[in-house]
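Grab a pencil and have a look at the model below. Can you work out how it is put together before you read the solutions?

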Amino acid sequence: MVLTLQDVEHVAELARLELTDEDKDRFREQLSAILEYAERLNQLDVSDIPPTATVLPVHSIMREDEPSSSLQHESLLENAPESERGYFRVPAVLE
């Protein structure tokens with residue numbers, strides 16, 4: 001499929017791009033080549049290939065969720081810049 005300059009200008013307008021005449025010519029050639037390649041791919045017989053989401057084996061990369069002991073309240077407050085009555089003290093965000 002060969003694109004016209006009007007096609008390129010229309011796509012550029014949709015994308016809000018300002019193109020020079022040289023850019024339009026270059027993109028017309030490049031986009032035409034991409035569309036021609038896509039057309040070649042459309043001609044392939046893939047009727048014997050089942051639909052797949054991925055060709056890689058599916059496995060979880062997450063570790064098992066196992067309960068463990070949590071940090072002690074006092075040790076957490078030791079690293080706080082400020083604490084008050086057992087809580088983190090933070091600057092007010094609302095007035």
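Some ground rules come before you start. This is a predicted model, where local features need pLDDT of at least 70, side-chain atom pairs count only at pLDDT 80 or more, and totals for chains, interfaces and linings use all residues. Residues are numbered from 1 along each chain as its sequence is written, and side-chain values use heavy atoms, with hydrogens and water left out.

**Exercise 1. Describe the overall build of the protein.**

Step 1: list the elements. The protein has three helices and two strands; helices (H or I, at least four residues) and strands (E, at least two) are DSSP runs, numbered from the N terminus. Along the sequence, they come in the pattern α-α-α-β-β.

Step 2: check the dimensions. Along the principal axes, the C-alpha atoms fill a box of roughly 75 × 50 × 20 Å. The radius of gyration is 30 Å, while a compact globule of 95 residues would have one near 12 Å. That radius is taken over C-alpha atoms, and the globule rule is 2.2 Å times the number of residues to the power 0.38.

Step 3: look for buried residues. They make up 8% of the 95 residues, where buried means under 20% relative accessible area, exposed over 50%, and partly exposed in between (1.4 Å probe, protein chains only).

**Exercise 2. Find the salt bridge between Asp23 and Arg26, and say where its partners sit.**

Step 1: recall the idea. Side chains of opposite charge can pair when their charged atoms come close. A salt bridge here is a side-chain nitrogen of Lys or Arg within 4 Å of a carboxyl oxygen of Asp or Glu, and the structure holds five of them.

Step 2: check the distance. Asp23 and Arg26 meet at 2.6 Å, N to O.

Step 3: Arg26 counts as partly exposed because its relative accessible area is 40%.

**Exercise 3. Trace the salt-bridge network that includes Arg85.**

Step 1: start at Arg85, which pairs with Glu84, their closest N and O atoms being 3.8 Å apart. Glu84 has a relative accessible area of 36%, so this residue is partly exposed.

Step 2: join the partners up. Salt bridges that share partners link Glu82, Glu84, Arg85 and Arg89 into one network.

Step 3: look at another of its bridges. Arg89 and Glu82 meet at 3.5 Å, N to O. Arg89 is at 45% relative accessibility, so Arg89 is partly exposed; Glu82 is at 45% too, so Glu82 is also partly exposed.
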